Amino acid sequence: MPSVRDFRPGDEAAFRDLNLAWIEKYFGIEAEDRAQLERLDDSVFAKCGRVLLAEDKGEVVGTVALIPMDEGCVELAKMSAREDLRGHGIGSALMDAAIAAAGEMGADRIWIETNDTLSAALSLYRSAGFEVLDRQDWHATPYSRCNVQMLKRL
């Protein structure tokens with residue numbers, strides 16, 4: 001089982017590369033992806049967000065970001081696991097740590113936007129207690145690939 005820790009200076013490339021791998025494989029890089037992946041200080045940390053990294057044998061193998069949205073709600077974003085290690089508990093470890101971190105951040109809700117072709121991710125989200133939102137309850141999204149939004153109440 002991987003361990004999960006907070007972001008440290010020097011983790012930028014691992015965060016970027018792990019996320020670029022899945023985004024490029026399944027979709028295409030969009031402007032908001034570039035903003036989040038290339039400017040973590042502006043897109044996450046300036047908003048009092050957090051980035052968590054999963055490690056296995058000292059190597060970063062997964063990532064997730066938590067970005068405050070509005071009062072009591074954080075976005076779970078840029079969750080990734082190294083493709084050759086999927087199915088080894090990285091997503092579950094990151095999800096557990098992200099839920100705990102959201103609570104530490106004072107959140108009472110966690111919001112996710114995703115795509116219905118990512119069946120393993122959807123399964124993980126559902127098993128963690130996220131529920132699909134009706135379209136009238138959606139937040140505006142900058143992503144053309146987003147066709148599912150989910151919410152978990154803490």
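Strand E4 (residues 73-81) and strand E5 (residues 109-114) run parallel and are joined by 3 bridges. Within this pair, Val 74 stands opposite Ile 110 in E5. Strands (E, at least two residues) and helices (H or I, at least four) are DSSP runs numbered from the N terminus, and two strands pair if DSSP finds at least two bridges between them.

The model is predicted: local features need pLDDT of at least 70, side-chain atom pairs count only at pLDDT 80 or more, and totals for chains, interfaces and linings use all residues. Residues are numbered from 1 along each chain as its sequence is written, and side-chain values use heavy atoms, with hydrogens and water left out.

E4 and E5 belong to an open sheet of 7 strands with mixed pairing, in the order E1-E2-E3-E4-E5-E7-E6. Strand E1 (3-6) and strand E6 (131-132) stand at the edges with a single partner strand each, so one side of each has no neighbour in the sheet.

Two helices that lie across E4 can be described in turn. Helix H1 (residues 12-26) lies across strand E2 (50-56), strand E3 (59-70) and E4, at about 90° to E3. Helix H5 (residues 119-127) lies across E4, E5, E6 and strand E7 (148-153), at about 25° to E7. Axes here are lines fitted to C-alpha atoms, for helices over the stretch in contact, with angles from 0 to 180 degrees between N-to-C directions; contact means heavy atoms within 4.5 Å.

The largest nonpolar core has 26 residues, and Val 64, Leu 76, Met 79, Ile 90, Met 95, Tyr 125 and Phe 130 have the most contacts inside it. Such a core is a set of buried Ala, Val, Leu, Ile, Met, Phe, Trp, Tyr and Cys residues joined through side-chain atoms within 4.5 Å, where buried means under 20% relative accessible area, exposed over 50% and partly exposed in between (1.4 Å probe, protein chains only). At least two residues of this core come from each of E2, E3, E4, helix H4 (90-104), E5, H5 and E7. H4 provides the largest share, 6 residues. Leaving aside neighbours within four places in sequence, Met 95 is in contact with Leu 76, Met 79, Leu 124, Tyr 125, Ala 128 and Phe 130. A second, separate core of 16 residues includes Phe 7, Leu 40, Leu 53 and Ile 67.
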